[in-house]
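Keep the sequence and the model at hand as you read.

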Amino acid sequence: MTTPHNITTVSIIGAGQMGGGIAQVAAVAGFATTVYDAFPGAIEKCKALHDKLLARAVEKGKMTQADADATKGRLTYSESLHALKGSDIIIEAVVEDTAVKKELFAKAAPLLAKGGILASNTSSISITDLGTAVGDMADRFIGMHFFNPVPVMKLVEVIKGLSTSEETTARTIALAEAMGKVPVPANDRPGFVSNRVLMPLINEAFYAWMEGVAEPAHIDEIMKLGCAHPMGPLRLADFIGLDTCVHIMDVLADGLNNDRYRACPLLKQLVVAGRLGDKSGRGVFDYSKK
Ligand code: 3HC
(Lines give C-alpha, C1' and ligand atoms only; values in the text may rest on other atoms or scores of the structure.)
Protein backbone atom coordinates (compact mmCIF):
# COMPACT_ATOMS: atom_id res chain seq x y z
CA MET A 1 0.00 0.00 0.00
CA THR A 2 1.37 3.43 -0.83
CA THR A 3 0.69 6.34 1.49
CA PRO A 4 1.33 10.08 0.99
CA HIS A 5 4.39 9.76 3.23
CA ASN A 6 5.58 6.44 1.76
CA ILE A 7 7.14 5.52 5.10
CA THR A 8 6.95 2.19 6.93
CA THR A 9 10.10 2.22 9.06
CA VAL A 10 10.90 5.05 11.49
CA SER A 11 14.18 5.31 13.39
CA ILE A 12 14.98 7.61 16.27
CA ILE A 13 18.46 8.70 17.34
CA GLY A 14 18.38 9.44 21.06
CA ALA A 15 16.42 7.49 23.69
CA GLY A 16 15.89 10.39 26.11
CA GLN A 17 12.62 12.06 27.06
CA MET A 18 11.95 13.42 23.56
CA GLY A 19 13.37 10.54 21.50
CA GLY A 20 11.60 7.96 23.65
CA GLY A 21 8.31 9.85 23.33
CA ILE A 22 8.62 10.14 19.54
CA ALA A 23 9.38 6.40 19.30
CA GLN A 24 6.35 5.55 21.42
CA VAL A 25 4.03 7.67 19.28
CA ALA A 26 5.44 6.17 16.04
CA ALA A 27 5.06 2.60 17.28
CA VAL A 28 1.52 3.18 18.58
CA ALA A 29 0.66 4.59 15.13
CA GLY A 30 1.76 1.32 13.50
CA PHE A 31 5.27 2.08 12.26
CA ALA A 32 8.15 -0.38 12.66
CA THR A 33 10.26 1.75 14.99
CA THR A 34 13.91 1.52 15.99
CA VAL A 35 15.43 3.55 18.83
CA TYR A 36 19.20 3.99 18.90
CA ASP A 37 21.26 5.40 21.75
CA ALA A 38 24.88 4.54 22.59
CA PHE A 39 24.86 6.18 26.04
CA PRO A 40 25.17 3.41 28.68
CA GLY A 41 21.79 2.58 30.25
CA ALA A 42 19.76 4.93 28.03
CA ILE A 43 18.12 2.16 26.02
CA GLU A 44 17.12 0.16 29.12
CA LYS A 45 15.62 3.28 30.70
CA CYS A 46 13.68 4.10 27.52
CA LYS A 47 12.28 0.56 27.20
CA ALA A 48 11.25 0.50 30.88
CA LEU A 49 9.40 3.81 30.43
CA HIS A 50 7.63 2.53 27.29
CA ASP A 51 6.53 -0.60 29.17
CA LYS A 52 5.27 1.53 32.08
CA LEU A 53 3.37 4.03 29.90
CA LEU A 54 1.79 1.31 27.74
CA ALA A 55 0.73 -0.64 30.85
CA ARG A 56 -0.81 2.56 32.24
CA ALA A 57 -2.70 3.16 28.96
CA VAL A 58 -4.14 -0.39 29.22
CA GLU A 59 -5.07 0.15 32.89
CA LYS A 60 -6.91 3.36 31.99
CA GLY A 61 -8.78 1.58 29.19
CA LYS A 62 -7.18 3.78 26.50
CA MET A 63 -5.60 0.80 24.77
CA THR A 64 -6.26 -2.94 24.69
CA GLN A 65 -3.63 -5.37 25.97
CA ALA A 66 -3.39 -6.76 22.41
CA ASP A 67 -2.64 -3.28 21.00
CA ALA A 68 -0.04 -2.65 23.71
CA ASP A 69 1.64 -5.97 22.91
CA ALA A 70 1.55 -5.22 19.18
CA THR A 71 3.09 -1.78 19.86
CA LYS A 72 5.92 -3.40 21.86
CA GLY A 73 6.42 -5.85 18.99
CA ARG A 74 6.98 -2.93 16.61
CA LEU A 75 9.73 -1.43 18.80
CA THR A 76 13.40 -2.35 18.39
CA TYR A 77 16.06 -0.95 20.72
CA SER A 78 19.75 -0.81 19.82
CA GLU A 79 23.07 0.62 20.95
CA SER A 80 24.42 0.23 17.41
CA LEU A 81 23.89 2.91 14.77
CA HIS A 82 23.89 0.15 12.17
CA ALA A 83 20.42 -0.90 13.40
CA LEU A 84 19.10 2.15 11.50
CA LYS A 85 19.99 0.62 8.13
CA GLY A 86 17.10 0.72 5.67
CA SER A 87 15.03 3.32 7.57
CA ASP A 88 12.54 5.41 5.59
CA ILE A 89 13.04 8.27 8.04
CA ILE A 90 15.60 8.94 10.77
CA ILE A 91 14.51 11.45 13.41
CA GLU A 92 17.31 12.83 15.59
CA ALA A 93 16.57 13.87 19.18
CA VAL A 94 19.91 14.24 20.94
CA VAL A 95 21.58 17.04 22.90
CA GLU A 96 21.26 20.59 21.47
CA ASP A 97 24.82 20.72 20.14
CA THR A 98 25.31 21.54 16.45
CA ALA A 99 28.60 19.61 16.13
CA VAL A 100 27.21 16.47 17.80
CA LYS A 101 24.09 16.52 15.62
CA LYS A 102 26.04 17.10 12.39
CA GLU A 103 28.41 14.23 13.14
CA LEU A 104 25.49 11.88 13.79
CA PHE A 105 23.65 12.94 10.63
CA ALA A 106 26.78 12.44 8.51
CA LYS A 107 27.08 8.88 9.87
CA ALA A 108 23.33 8.10 9.66
CA ALA A 109 22.63 9.47 6.15
CA PRO A 110 24.23 6.52 4.26
CA LEU A 111 22.04 4.10 6.26
CA LEU A 112 18.75 5.52 4.91
CA ALA A 113 16.59 3.55 2.50
CA LYS A 114 16.47 5.00 -1.02
CA GLY A 115 14.61 8.32 -0.95
CA GLY A 116 14.58 8.35 2.88
CA ILE A 117 14.19 11.50 4.99
CA LEU A 118 16.43 12.91 7.73
CA ALA A 119 14.68 14.98 10.41
CA SER A 120 15.90 16.85 13.47
CA ASN A 121 13.83 17.49 16.59
CA THR A 122 16.02 20.50 17.41
CA SER A 123 14.27 23.20 19.41
CA SER A 124 16.13 26.07 17.77
CA ILE A 125 19.27 25.13 15.79
CA SER A 126 19.12 26.10 12.11
CA ILE A 127 17.78 23.29 9.91
CA THR A 128 19.63 24.78 6.93
CA ASP A 129 22.89 24.59 8.87
CA LEU A 130 22.31 21.01 10.12
CA GLY A 131 21.38 19.98 6.55
CA THR A 132 24.86 20.88 5.32
CA ALA A 133 26.11 17.77 7.18
CA VAL A 134 24.48 15.47 4.59
CA GLY A 135 25.73 17.05 1.35
CA ASP A 136 23.49 16.41 -1.65
CA MET A 137 20.79 14.89 0.58
CA ALA A 138 19.98 18.33 2.05
CA ASP A 139 16.75 18.43 0.01
CA ARG A 140 15.57 15.49 2.16
CA PHE A 141 16.53 17.18 5.45
CA ILE A 142 13.80 18.80 7.60
CA GLY A 143 12.88 19.88 11.13
CA MET A 144 10.24 17.88 13.05
CA HIS A 145 9.86 19.75 16.33
CA PHE A 146 7.85 17.71 18.84
CA PHE A 147 6.75 19.01 22.25
CA ASN A 148 7.15 17.55 25.71
CA PRO A 149 5.44 15.29 26.80
CA VAL A 150 5.36 13.93 23.24
CA PRO A 151 2.52 11.40 23.74
CA VAL A 152 0.29 14.24 25.04
CA MET A 153 1.19 17.35 23.02
CA LYS A 154 -0.54 17.50 19.63
CA LEU A 155 1.82 19.83 17.75
CA VAL A 156 4.67 19.04 15.40
CA GLU A 157 6.29 22.25 14.14
CA VAL A 158 7.56 21.34 10.67
CA ILE A 159 10.63 23.41 9.77
CA LYS A 160 11.62 23.78 6.16
CA GLY A 161 15.31 24.54 5.64
CA LEU A 162 16.55 26.53 2.65
CA SER A 163 17.33 23.31 0.74
CA THR A 164 14.35 21.22 1.91
CA SER A 165 12.24 20.10 -1.07
CA GLU A 166 8.47 20.51 -1.33
CA GLU A 167 8.17 16.73 -1.57
CA THR A 168 10.08 16.22 1.70
CA THR A 169 7.84 18.79 3.42
CA ALA A 170 4.64 17.16 2.11
CA ARG A 171 5.79 13.67 3.15
CA THR A 172 6.81 14.88 6.62
CA ILE A 173 3.45 16.60 7.13
CA ALA A 174 1.67 13.40 6.08
CA LEU A 175 3.85 11.35 8.45
CA ALA A 176 3.13 13.66 11.41
CA GLU A 177 -0.60 13.30 10.69
CA ALA A 178 -0.27 9.51 10.50
CA MET A 179 1.40 9.69 13.93
CA GLY A 180 -1.73 11.37 15.28
CA LYS A 181 -0.18 14.83 15.48
CA VAL A 182 -1.12 18.21 14.05
CA PRO A 183 1.72 19.46 11.84
CA VAL A 184 2.09 23.21 11.44
CA PRO A 185 4.74 24.62 9.09
CA ALA A 186 7.24 27.32 10.04
CA ASN A 187 10.31 28.73 8.36
CA ASP A 188 13.90 28.24 9.44
CA ARG A 189 14.48 31.34 11.58
CA PRO A 190 16.03 31.37 15.07
CA GLY A 191 13.65 29.67 17.55
CA PHE A 192 11.18 29.01 14.70
CA VAL A 193 7.73 30.17 15.99
CA SER A 194 7.31 28.17 19.20
CA ASN A 195 10.50 29.14 20.98
CA ARG A 196 10.66 32.62 19.45
CA VAL A 197 7.45 33.36 21.35
CA LEU A 198 7.65 31.01 24.37
CA MET A 199 11.22 31.60 25.53
CA PRO A 200 11.06 35.41 25.87
CA LEU A 201 7.91 34.86 27.98
CA ILE A 202 9.75 32.43 30.24
CA ASN A 203 12.78 34.75 30.37
CA GLU A 204 10.54 37.65 31.36
CA ALA A 205 9.13 35.56 34.23
CA PHE A 206 12.71 35.20 35.55
CA TYR A 207 13.17 39.00 35.32
CA ALA A 208 9.89 39.45 37.22
CA TRP A 209 11.22 37.13 39.94
CA MET A 210 14.69 38.76 39.97
CA GLU A 211 13.20 42.23 40.27
CA GLY A 212 10.90 41.14 43.11
CA VAL A 213 7.64 41.71 41.24
CA ALA A 214 6.33 38.52 42.89
CA GLU A 215 7.70 35.30 44.30
CA PRO A 216 8.04 32.35 41.86
CA ALA A 217 4.93 30.46 43.01
CA HIS A 218 2.84 33.62 42.67
CA ILE A 219 4.19 34.41 39.20
CA ASP A 220 3.14 30.93 38.10
CA GLU A 221 -0.24 31.14 39.85
CA ILE A 222 -1.00 34.46 38.11
CA MET A 223 -0.18 33.03 34.67
CA LYS A 224 -2.08 29.78 35.31
CA LEU A 225 -5.26 31.33 36.68
CA GLY A 226 -5.18 34.60 34.72
CA CYS A 227 -3.95 33.41 31.33
CA ALA A 228 -5.05 29.74 31.38
CA HIS A 229 -1.52 28.36 31.00
CA PRO A 230 -1.47 24.67 32.06
CA MET A 231 1.83 25.26 33.86
CA GLY A 232 3.23 28.58 35.05
CA PRO A 233 6.26 29.83 33.07
CA LEU A 234 8.74 29.06 35.87
CA ARG A 235 7.39 25.52 36.38
CA LEU A 236 7.51 25.07 32.59
CA ALA A 237 11.14 26.28 32.54
CA ASP A 238 12.04 23.56 35.07
CA PHE A 239 10.13 21.00 32.96
CA ILE A 240 12.01 22.02 29.78
CA GLY A 241 15.38 22.34 31.57
CA LEU A 242 16.92 25.67 32.57
CA ASP A 243 20.09 24.92 30.56
CA THR A 244 17.95 24.37 27.46
CA CYS A 245 16.17 27.69 28.12
CA VAL A 246 19.53 29.51 28.28
CA HIS A 247 20.69 27.74 25.13
CA ILE A 248 17.56 28.79 23.21
CA MET A 249 17.86 32.40 24.44
CA ASP A 250 21.49 32.41 23.20
CA VAL A 251 20.34 31.17 19.78
CA LEU A 252 17.69 33.94 19.66
CA ALA A 253 20.10 36.69 20.80
CA ASP A 254 22.85 35.65 18.39
CA GLY A 255 20.63 34.68 15.47
CA LEU A 256 18.38 37.76 15.65
CA ASN A 257 21.34 39.94 16.63
CA ASN A 258 19.39 41.63 19.40
CA ASP A 259 20.34 41.85 23.08
CA ARG A 260 16.71 41.95 24.16
CA TYR A 261 16.82 38.13 23.83
CA ARG A 262 19.75 37.73 26.27
CA ALA A 263 19.03 35.20 29.03
CA CYS A 264 18.06 36.75 32.39
CA PRO A 265 21.09 36.78 34.78
CA LEU A 266 19.08 34.89 37.43
CA LEU A 267 18.24 32.12 34.95
CA LYS A 268 21.93 31.81 34.04
CA GLN A 269 22.95 31.82 37.71
CA LEU A 270 20.67 28.85 38.50
CA VAL A 271 22.24 26.91 35.63
CA VAL A 272 25.75 27.71 36.91
CA ALA A 273 24.67 26.39 40.33
CA GLY A 274 23.57 23.10 38.72
CA ARG A 275 19.89 23.82 39.30
CA LEU A 276 18.66 22.62 35.90
CA GLY A 277 15.03 21.85 36.78
CA ASP A 278 13.24 18.48 36.97
CA LYS A 279 16.21 16.56 35.57
CA SER A 280 18.58 17.64 38.37
CA GLY A 281 15.94 17.53 41.12
CA ARG A 282 15.97 21.29 41.63
CA GLY A 283 15.55 24.36 39.46
CA VAL A 284 13.27 27.25 40.34
CA PHE A 285 11.41 24.76 42.53
CA ASP A 286 12.65 21.81 44.60
CA TYR A 287 11.64 18.32 43.37
CA SER A 288 14.11 16.35 45.51
CA LYS A 289 11.47 15.18 48.00
CA LYS A 290 8.93 14.02 45.37
N1 3HC B 1 4.04 10.78 28.95
C2 3HC B 1 2.82 10.33 28.64
N3 3HC B 1 1.68 10.85 29.16
C4 3HC B 1 1.80 11.82 30.07
C5 3HC B 1 3.05 12.34 30.46
C6 3HC B 1 4.20 11.77 29.86
N7 3HC B 1 5.44 12.19 30.16
N8 3HC B 1 2.84 13.33 31.37
C9 3HC B 1 1.52 13.43 31.54
N10 3HC B 1 0.89 12.53 30.76
C11 3HC B 1 -0.56 12.32 30.62
C12 3HC B 1 -1.13 11.76 31.89
O13 3HC B 1 -1.03 10.34 31.89
C14 3HC B 1 -2.57 12.23 31.80
O15 3HC B 1 -3.30 11.38 30.94
P16 3HC B 1 -4.87 11.10 31.20
O17 3HC B 1 -5.57 12.41 30.95
O18 3HC B 1 -5.21 10.08 30.19
O19 3HC B 1 -5.00 10.64 32.60
C20 3HC B 1 -2.47 13.59 31.10
O21 3HC B 1 -1.20 13.61 30.45
C22 3HC B 1 -2.53 14.74 32.10
O23 3HC B 1 -1.51 14.52 33.06
P24 3HC B 1 -1.68 14.84 34.61
O25 3HC B 1 -3.11 14.69 35.00
O26 3HC B 1 -0.66 14.06 35.36
O27 3HC B 1 -1.20 16.33 34.80
P28 3HC B 1 -1.67 17.66 34.10
O29 3HC B 1 -3.14 17.68 33.83
O30 3HC B 1 -1.07 18.71 34.93
O31 3HC B 1 -0.95 17.64 32.68
C32 3HC B 1 0.86 18.22 31.31
C33 3HC B 1 0.42 17.50 32.56
C34 3HC B 1 0.23 17.54 30.07
C35 3HC B 1 2.36 18.12 31.22
C36 3HC B 1 0.34 19.71 31.38
O37 3HC B 1 0.77 20.28 32.58
C38 3HC B 1 0.83 20.59 30.25
O39 3HC B 1 0.26 20.58 29.16
N40 3HC B 1 1.89 21.36 30.50
C41 3HC B 1 2.50 22.23 29.50
C42 3HC B 1 3.42 21.43 28.67
C43 3HC B 1 4.09 22.26 27.62
O44 3HC B 1 3.92 23.46 27.49
N45 3HC B 1 4.92 21.59 26.84
C46 3HC B 1 5.72 22.22 25.82
C47 3HC B 1 7.07 22.51 26.37
S48 3HC B 1 8.06 23.38 25.21
C49 3HC B 1 8.74 22.17 24.29
O50 3HC B 1 8.61 20.99 24.52
C51 3HC B 1 9.55 22.64 23.15
C52 3HC B 1 11.00 22.66 23.41
O53 3HC B 1 11.64 23.03 22.24
C54 3HC B 1 11.44 23.55 24.54
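Rings of Phe, Tyr and Trp (its six-membered ring) pair if their centres lie within 6.5 Å; planes under 30 degrees apart count as stacked, over 60 as edge-to-face and the rest as tilted. This is a predicted model, in which local features need pLDDT of at least 70, side-chain atom pairs count only at pLDDT 80 or more, and totals for chains, interfaces and linings use all residues. Residues are numbered from 1 along each chain as its sequence is written, and side-chain values use heavy atoms, with hydrogens and water left out.

Q: How many aromatic pairs does a search of the whole structure find?
A: The search finds two aromatic pairs.

Q: Why is the pair of Phe105 and Phe141 called edge-to-face?
A: The ring centres are 4.7 Å apart and the planes make an angle of 70°. The pair counts as edge-to-face because its centres lie within 6.5 Å and its planes are over 60 degrees apart.

Q: What makes this a link between distant parts of the chain?
A: Phe105 is in helix H4 (residues 98–108) and Phe141 is in strand E6, 36 residues apart. Helices (H or I, at least four residues) and strands (E, at least two) are DSSP runs, numbered from the N terminus.

Q: Where is Asn148, and what does Asn148 contact beyond its neighbours within four places in sequence?
A: Asn148 sits in the loop between strand E6 (141–146) and strand E7 (155–160). Contact means heavy atoms within 4.5 Å, and beyond those neighbours Asn148 touches Gln17, Met18, Met153 and Phe239.

Q: Why do the side chains of Asn148 and Gln17 make a polar contact?
A: A polar contact is a pair of N or O atoms within 3.5 Å; within protein, one must be able to donate a hydrogen and the other to accept it, and residues adjacent in sequence count only if both atoms are side-chain atoms. The two side chains make such a contact at 3.3 Å, so the distance is within the limit.

Q: Which residues are closest to the ligand?
A: Of the 17 residues that surround the ligand, the closest are Lys60, Lys62, Ser123, His145 and Asn148. A residue is near a molecule or strand if one of its heavy atoms lies within 4 Å of it.

Q: Which polar atoms lie by the ligand, and at what distances?
A: A polar side-chain atom of His145 is 2.7 Å from an oxygen atom of the ligand. A polar backbone atom of Asn148 is 2.8 Å from a nitrogen atom of the ligand. For Asn195, a polar side-chain atom lies 3.0 Å from a ligand oxygen atom.

Q: Which domains give residues to the shell around the ligand?
A: At least three residues come from each of domain 1 (4–186) and domain 2 (194–280). Domain bounds come from an automatic or database domain assignment. The centres of the two domains, taken over C-alpha atoms, are 27 Å apart.
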